[in-house]
Amino acid sequence: MKRSARRGPLPAHACRLTRRRWLASTLAAAAALPAARVLAEVQTVKIDRIDVFPLRYPMTGYFKFFAGAHGAAGRAAVIVKITADDGTVGWGQSVPIEKWSYETLEAATVALRDYYAPELIGRDAVDIAGAHRTMDQTIQAGFSTGMPITRAGLDIALHDLAGKLSGKPVCELWGRSPGGPITLSWTVNPRTPDEIESIMEEGRQRGYRHFNIKVAPDPQVDVELARRVRRAAPDAFLWADANGGYDPATALEVAPRLADAGVDVLEAPVRPNRISTYQALKRQGALPILMDEGVVSPIELEEFIRLKMLDGVAMKPSRCGGLLSNKRQIEIVEQEGLMWLGSGLTDPDISLAATLCLYGAFGLAKPAALNGPQFLTADVLKQPLKIADGLAHVPHGAGLGIDVDEEKIAQLSRG
Ligand SMILES: [Mg+2]
């Protein structure tokens, strides 16, 4: 069969607004300012260049979000490299999954390279909130923040850059210490019931003691899965995630049965626009109800809390536009006395490092469903993240505390 050009990874691209063009506009603006302000402007470190590298990480095992022609080619990611005009570099990563959200590898690459990057070049490198306001104006919001998974890559790179410019780990930018290590949860997503025990055993062999199960749409299958996992792991934290896959009646019927089977929390039983069903599930009280899909900015999180739709949130910086948004969401949930769990989008190394920095800084207590280390078999770091015995250590050092190996990026980009 003829190979489709759409299928393969896109070539790496560099996006650069010319220094001459940026300088001309900056000098024109500076001419109208008082002398002291001009000096301050000149001394500010600016974003000089943004490079994006679309690629796919090789995978192992079965995970339903990576089934199909695109997913089978590997876990899509766009690595973002932001270079400041003093030469300092910040790294980030956008992690689109078309089976989880409408943001695809190709859409993320184009939005980063052709829309967001040209608007951010020339801006103050450490003004992360300002960069988000610029991105808000560049691609408009839908119900919430526009292209949040895509934007997370820029947000993470800006945090890394701000940390490196100040010589501090990202947690210190928030006035916090690194914390950690983070206990991990092993994902059990069997194609047939006879795979359950062997999947759990593989996790145990790697030192995992806690399990998260993927459920929906079939409640019979799900209750049996929960029973068997609970029987095999009586002391584990058992977390069921339906990814919005039940209809309202089934969600209300299955929640008490999953509780009886030994599940501890139920995440995303229905799609996030099923507001009245979330309210009914919370009133039912069979299990703590967590939201994931649909919680993007702090604004709808506050609205959903006010509407009494949830007992907590499965956090993930990669879903909600990055660290700035997710940090605020953790603060809101803690202020409201609700639960937060640490989750992710099968994050590869750079996005995972950012996630660990956030969860460690905020003292995540429960096992995290960060399953990048379970399913991904490559990295782009000079020193891989320290993950052993079911624990992920928070990287130390300026910024995200990681050293990116550009030769590894080139290898993965070639596919
Ligand atoms: Mg989830």
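Predicted model: local features only at pLDDT ≥ 70, side-chain atom pairs only at ≥ 80, totals over all residues.
Residues are numbered from 1 along each chain as its sequence is written.

The secondary structure of the protein chain comes to 16 helices and 14 strands, where helices (H or I, at least four residues) and strands (E, at least two) are DSSP runs numbered from the N terminus. Of the 415 residues of the protein chain, 47% count as buried, a residue being buried if 20 or more other C-beta atoms lie within 10 Å of its own, exposed if 12 or fewer, and partly exposed in between, with C-beta atoms placed from the backbone.

Turning to the helix pair, the axes of α4 (residues 105–120) and α6 (residues 148–166) come within 10 Å and cross at roughly 50°; axes are lines fitted to C-alpha atoms, for helices over the stretch in contact, and angles run from 0 to 180 degrees between N-to-C directions. The helices α4 and α6 are therefore oblique to each other, given that angles under 35 degrees count as roughly parallel, over 145 as roughly antiparallel, 65 to 115 as roughly perpendicular and the rest as oblique. On the α4 side the contact is made by Ala108, Ala111, Leu112, Tyr116 and Leu120, and on the α6 side by Ile149, Thr150, Gly153 and Leu154, two residues being in contact if their C-beta atoms, placed from the backbone, lie within 7 Å.

Some loops hold cis peptide bonds. One joins Gly180 and Pro181, with omega about -5°, and Pro181 is found in the loop between α7 (170–173) and β5 (182–183). Another runs from Ala216 to Pro217, with omega near 15°, and Pro217 lies in the loop between β7 (210–214) and α9 (219–232).

Lys308, in the loop between α12 and β11, has a positive phi of about 55° although it is not a glycine, and Lys308 is exposed, with 11 other C-beta atoms within 10 Å.
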